[in-house]
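Me: I have a model open and want to go through its packing. Can you take some quick questions?

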Amino acid sequence: MARRQAPVVSSDGTINFDKLEQTLAHAVEADARYKRENDAKFRAVAQKVQTYDEFEGIVKGAHIKPMTEDITKLQLKRSSWETSGRNRARASNGAGSDTAGAEGEEATPCELPTNSLQFSQAWRRFKSDDARYHYVIQVGGQLLLKLFKTDAGQVLGDILLVLDKCFQEDDGRLVLSVVYCLSQTGRFQLAVDFLGDDEAKAGQGVLEKLEACAGGDNAAETLGDDFQAHLAVAKQALGS
């Protein structure tokens with residue numbers, strides 16, 4: 001049976017100030033929570049989230065505040081790593097287990113994303129540039145165009161950096177498809193204008209590598225008749 005709450009004002013007119021303070025505190029907290037969640041809803045709409053789950057996650061996380069304390073000054077206790085079950089299991093599996101895990105990340109194919117959120121989540125899950133390079137090549141330009149049809153600004157810079165760093169000549173046609181299709185997304189020129197210096201430089205680096213592919217022997221046979229045309233469009237879109 002629920003315990004009956006004491007009233008703020010008793011039958012004889014006496015005010016219970018402790019209860020009054022508690023009631024006011026709850027009301028203030030409820031009002032603050034409403035404002036936080038309402039602001040979070042507006043932020044989610046402004047960010048053009050792709051799914052309701054993402055929208056709900058932003059609203060539920062509205063109460064989370066940024067950490068203001070310098071964590072280097074916190075007195076943190078070191079866990080007993082040497083005696084932990086995880087450490088013993090890792091030792092029993094041998095020193096090569098970490099390497100095998102890294103190789104597994106590179107070798108394991110991923111399911112193709114069905115929306116931009118899934119692509120971004122998979123992108124963040126990969127820790128190495130090589131893994132991200134193979135992922136974006138696997139996804140391909142046509143699917144990227146579908147996923148980021150209205151705006152590719154959130155991924156353009158990262159993709160250019162990875163393509164420039166990990167470019168493989170044999171992937172020339174696939175890389176051009178990625179760059180060309182991204183150039184067909186909405187507000188692409190605005191996305192280019194917001195590229196950082198390193199990202200813009202990477203974009204020019206990718207174009208230079210693609211031009212080198214086009215100038216190779218038997219380029220027309222290996223790359224296709226539309227390679228030069230698509231490369232010209234990509235160069236113009238990236239401001240080259």
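Me: Which residues are buried in helix 11?
Reply: In helix 11, Ala202, Gly203, Gly205, Val206, Leu207, Leu210, Cys213 and Ala214 are buried (under 20% relative accessible area, 1.4 Å probe, protein chains only). Helices here are DSSP runs of H or I with at least four residues, numbered from the N terminus. This is a predicted model, where local features need pLDDT of at least 70 and side-chain atom pairs count only at pLDDT 80 or more, while totals for chains, interfaces and linings use all residues. Residues are numbered from 1 along each chain as its sequence is written, and side-chain values use heavy atoms, without hydrogens and water.

Me: Now the largest nonpolar core: which residues touch the most other members?
Reply: Phe119, Val136, Ile159, Leu163 and Val175, out of 43 residues. Such a core is a set of buried Ala, Val, Leu, Ile, Met, Phe, Trp, Tyr and Cys residues joined through side-chain atoms within 4.5 Å.

Me: Which helix gives the largest share?
Reply: Helix 8, with 7 residues.

Me: What is Ile159 in contact with, leaving aside neighbours within four places in sequence?
Reply: Phe119, Trp123, Val136, Val178 and Leu182, with contact meaning heavy atoms within 4.5 Å.

Me: Different topic. How many aromatic pairs are there?
Reply: The whole structure has 4, counting Phe, Tyr and Trp (six-membered ring) with ring centres within 6.5 Å; planes under 30 degrees apart are stacked, over 60 edge-to-face, the rest tilted. The rings of Phe126 and Tyr135 have centres 5.4 Å apart and planes at 45°, so that pair is tilted.

Me: Is Tyr135 buried or exposed?
Reply: Buried, because its relative accessibility is 2%.

Terms used: Buried means under 20% relative accessible area, exposed over 50%, partly exposed in between (1.4 Å probe, protein chains only). Helices (H or I, at least four residues) and strands (E, at least two) are DSSP runs, numbered from the N terminus.
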